[in-house]
Structures are given as structure tokens and as C-alpha cells.
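Let's walk through a structure together, one feature at a time.

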Amino acid sequence: MQHIPEHAAGKVPVVIMFHGFTATMSFMFVELSRLLESVGIASVRFDFAGSGESDGEFIDMSIASEVHDGLQVLDYVKTLDYVDKDRIALLGVSLGGVIASFAAGQRAKDIRALCLICPAFIFSEHLKQGTMGHYTDITRINETQFVDMGGIKLGKAFVNDGLLRDIYKESAPYQNKILIMHGDADVDVPIRVSEEYAKAYQDQAQFHVVQGADHIFMNPVHKQELFDKTVEFLTEQFQL
Amino acid sequence: MGGDLVQTAIEWSSNGHTLRGMLHQPDGLSNVPLVILFHEYGATKTENKFIYVELSRILEQKGIASIRFDFFGSGESDGELQQKSFASDMVCARDILSYAHTLSFVDQERIAIVGKGSSCLIASQLSAEMSADAKAEGSVELSAEGKTGVKALVLLSPTVKTWNEQYSLELQAAELELDVDRGELAVRAVSLIAGEKEDNKGLIERYQKLYQQQLSLCTIADVSQVVETVNSREQMMEHIVAFLENHLPRG
């Protein structure tokens, strides 16, 4: 889905949005895309392969497949006539934040700004402990082929690929600004994960804590704060 | 049958707003049955863990068309969630059924509705209205033949509880308005799927009284407002598909 500002003169900046685990391009992004459109920023939302309306099976999804999907979309966005190719940002929520960070690492020169919302970098820690999330045992996945993630099959490709990932090494080539936002009441991905990430990126990263917010920003007040901060950061990075 | 899956993005105007959805049309077939899928409060046309996408694609392979759409205030459709109400959902439901009536490849006598959670009441109300319309037009005989426009109904984990207090109150009021006399005529077959752990016994009894012999109850462990296991998901899918194939037989 593309959102193109109606009255923009010339080429416009664009944000590519990466959704999270078992989510779709609709979650939170519809509202944010319409808000960005109103301030002159285009956006492109999509469903990763195996999620939402896109083809593919969820069991085949992995970090590698999602980074690949994200980069394909980036290449597509660069072909769009209305897009200012020097002002492309990536924005990701939860696992989408991880994918955005890795994709920015692979295409550092293409990405002007990076927005990470409660990024799920904890996945690496969990997998090394033999779990996925708080409770799912993944230690026998090469025998069982999948684990039951509450009614959906998570395949061994995700686990085996995820175990090999080095978060900081893969993200490091990206040198522009990063906005990290996280709720301090997030029980799915604890805020310490973002604190550590922000610390590693020092002056490159802005870290914004949304007081009282959970992982999905259910409270409209928290969501609005998230949106306001995102618009502020992107308008600054895009020099609007 | 055979061929590629055909999934088309659709949009139409409802009460001055644009609604957006997805139409699944079995490749190259005409005079096919149609299932309209209503998502629950706070969800979208894909539903939790994409169960509606999976269901639509299975039905398509069985020669059954389907429409999934976002209610006003949800997903890709116009409006904000805060603007949504039971009344606005009913407007959307009536309009999507009217839209379905314009589809030339659909057998208008074989239309079914699937409701999930809070939208079960919307599905029930809509089918009752269709029945009442048929009765008012003197076509009660037609209604008794199950040709009112809604042939079968699937109610998946019905509830009057949502995380929005105002919307929950509206659902409770709508439940009280369900008319037993109209309910009997509304549809020919109803499948109510409920989880073993769910706290919706009162509502299930209400539906049993409403639809009497037309209703069959299917209880599945680990099904609730969200599907909790792969096994329960597969059981639920098999049951829904078998029910719809049985009650929307090929012409």
C-alpha cells in the first residue's frame, strides 16, 4: 500500500514500514501513514511473505526471508517517480524493527533515517536459551520441523537462521540517525533491550521512553505520543 | 476448478466512507456460492494469525467465493476505531451484502456469513433483517426454503465482551434485541463454534434458543477469542469448511 501526499511539489521523502511477528501492514501503520501523508511524507506498507495478504507460508518465514523482502521493497521504492531517493527511511515495529535495522546495515547508503519501535532484539537471547518468547521450547525444532506459536507454525528456518545472527555487527554499517522508542511497561520485549542498543549507538541514537506503554501501544495516548515523536524525528531528518 | 488463486482488492462507498476489502473468486467459475467474513472488534480482514486469509484460500479451492473486508474504523477502511459503533458496523454489514448482490458470478441463493467474537451479533442481526424483509414482502415461503440471501451462518466464539466498554454495552443491547421469531426464519443452518474454556455459556444458550434445531454446537479445546494451538486451528478450519460445503452445495 502506498500513501502519497496529495499536494506535494516535486519529489517527496518516503518511509518504508516493516510490521512485526504475526502482524500485518495494517497494524498501527494505517493511522501513522495517514498522519505522515498530511505532513508531506509518503509511505509504503506491505505484508512480509507468509503474513497477511502476501503469498507464502508462515512456516517458511525467517529473518533472512524478511530482510530479503524488505530489500526488494526498497528496490521497488527507488524506482517510484515521486520518491526522493536521498530521503528514504525505514521504520519497523518489534521483529520488524530488527529487520529494519539489518536491512539498513546492508543498504547503509540508501537509508537516511531509521525508526525502531520496541525492536525485538531479544529474539537472539531467547533462541540461545532454547526458547522463543516466554515459554516455547525450540530445542527439538530440527526433529519437529516447527513449534506451535499459539496456533501458527514457526519453522526451523527462523530458529536456525536466528541463532547465527549478530545484532550489532549486522546493524553497524548504518551510520545515520536512529530513533528508538519503547514503552517501559512492555512485557514482551523488555525495555532494557532498547537501552542496550541505544547505548551501543551512542550519539547516533535518540532514545525515547513512552511511560506506561505496552508492546502494542494499546492506549491511544501512548500511541499518539509515539506518532508525534516519529513525525518530529522524520521531519527533522528529512529537513521538511 | 484448478488454476491460480484469484484474490482482488475491492473498495466501495458506505455512508460516505470508503470501505476496503478482498474478494476471492474461484478461477473461471460462475454461479458460485459466496461467504462473507466479518472480523471482530479491534481486528481486521485478515483476523488473528491470518485465519480468515487461510479460510478464504481454502474455500476458493473448493469453488466457494468469499469477501473479507475491514469495517469502518478498522484496518484499511476509512474512519478511526474510536468512531466505530455497533450501528456503524450494521451499516457496513448491510452495504457489503448489497455489494455481494451485485456480483454476477455469485449464486444469490447460496450466501453464508461467518462472524467471529463480537461480529457474531452483527451476522445474526443481518440475517434476521433479511428474513424480516422477505416476510414483509410476502415471500415467507421463499424464506422457509432458505432463500433469503443468507443461507448459513458460522458463529465463531461469540462474545459481547470487548476491550472497549462502550462497544460492549452496545453488543449487550443488541443481544437483547435478537428476536426469537425472526431468528427461526433467518437462516437454514447455523454452526456455533466455541472453546471449552470460554466464558460465554449464557450467550450460547441464547443462540440455541434463537436458532433451535437449526443450530449445531461444536466445541473445540483451545479455541477462544484467539486460536491458541495449531491443532485447534486445524480442527476449526476443517469444521467450518465442511459445514459450508455441506450447506452451500454445488449447483
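Q: Between which helix and which strand of chain A does the loop with Gln145(A) lie?

A: First, some ground rules: this is a predicted model, in which local features need pLDDT of at least 70, side-chain atom pairs count only at pLDDT 80 or more, and totals for chains, interfaces and linings use all residues. Residues are numbered from 1 along each chain as its sequence is written, while chains are lettered from A and ligands numbered from 1 in the order in which they are written. Helices (H or I, at least four residues) and strands (E, at least two) are DSSP runs, numbered from the N terminus. Gln145(A) sits in the loop between helix H5 (141-144) and strand S8 (146-148) of chain A.

Q: Is Gln145(A) buried or exposed?

A: A residue is buried if 20 or more other C-beta atoms lie within 10 Å of its own, exposed if 12 or fewer, and partly exposed in between, with C-beta atoms placed from the backbone. Gln145(A) has 12 other C-beta atoms within 10 Å, so it is exposed.

Q: What is the phi of Gln145(A)?

A: Here is the general idea: most residues other than glycine have a negative phi. Gln145(A) has a phi near 75 degrees, which is positive although the residue is not glycine. Phe50(B) also has a positive phi, about 65 degrees, and is not a glycine either. Phe50(B) lies in the loop between S3 and H1 of chain B. It is buried, because 21 other C-beta atoms lie within 10 Å.

Q: Which residues is Gly50(A) in contact with, leaving aside its neighbours within four places in sequence?

A: Two residues are in contact if their C-beta atoms, placed from the backbone, lie within 7 Å. Apart from those neighbours within four places, Gly50(A) has contacts with Gly56(A), Glu57(A), Phe58(A), Asp60(A) and Met61(A). Gly50(A) belongs to the loop between strand S3 (42-45) and helix H2 (63-78) of chain A. It counts as buried because it has 22 C-beta neighbours inside 10 Å. From Gly50(A) to Phe233(A), the C-alpha to C-alpha distance is 31 Å, and the two are 183 residues apart in sequence.

Q: How do I read strand pairing, and in which sense do S5(A) and S10(A) pair?

A: Two strands pair if DSSP finds at least two bridges between them. Strand S5 (residues 113-117) and S10 of chain A pair in the parallel sense, over 5 bridges. Within that pairing, Ile180(A) of S10(A) is the bridge partner of Leu116(A). S10(A) also pairs with strand S11 (residues 205-210) in the parallel sense, over 6 bridges, and there Gly183(A) has Val210(A) as its partner. Between S10(A) and S11(A) the chain passes through helix H8 (residues 191-201), a right-handed β-α-β crossover. A crossover is right-handed if, with the strands pointing away from the viewer, the path from the first strand over the helix to the second runs clockwise. As for burial, 6 of the 7 residues of S10(A) (residues 177-183) are buried.

Q: Why is strand S3 of chain B described as largely enclosed by the rest of the structure?

A: Strand S3 (residues 32-38) of chain B has 7 of its 7 residues buried, so it is largely enclosed by the rest of the structure. S3(B) pairs with strand S5 (residues 106-116) of chain B in the parallel sense over 6 bridges. It also pairs with strand S4 (residues 65-69) of chain B, again in the parallel sense, over 4 bridges. Leu37(B) takes part on both sides: its bridge partner in S5(B) is Val114(B), and in S4(B) it stands opposite Arg68(B). From S3(B) the chain reaches S4(B) through helix H1 (residues 51-61), and this β-α-β crossover is right-handed.

Q: Where does Ile113(B) lie?

A: Ile113(B) is in strand S5 of chain B. With 29 other C-beta atoms within 10 Å, it is buried. Ala123(B), 10 residues away in sequence, is 6.4 Å from Ile113(B), C-alpha to C-alpha. Beyond four places in sequence, the contacts of Ile113(B) include Ile36(B), Phe38(B), Ala123(B) and Val150(B).
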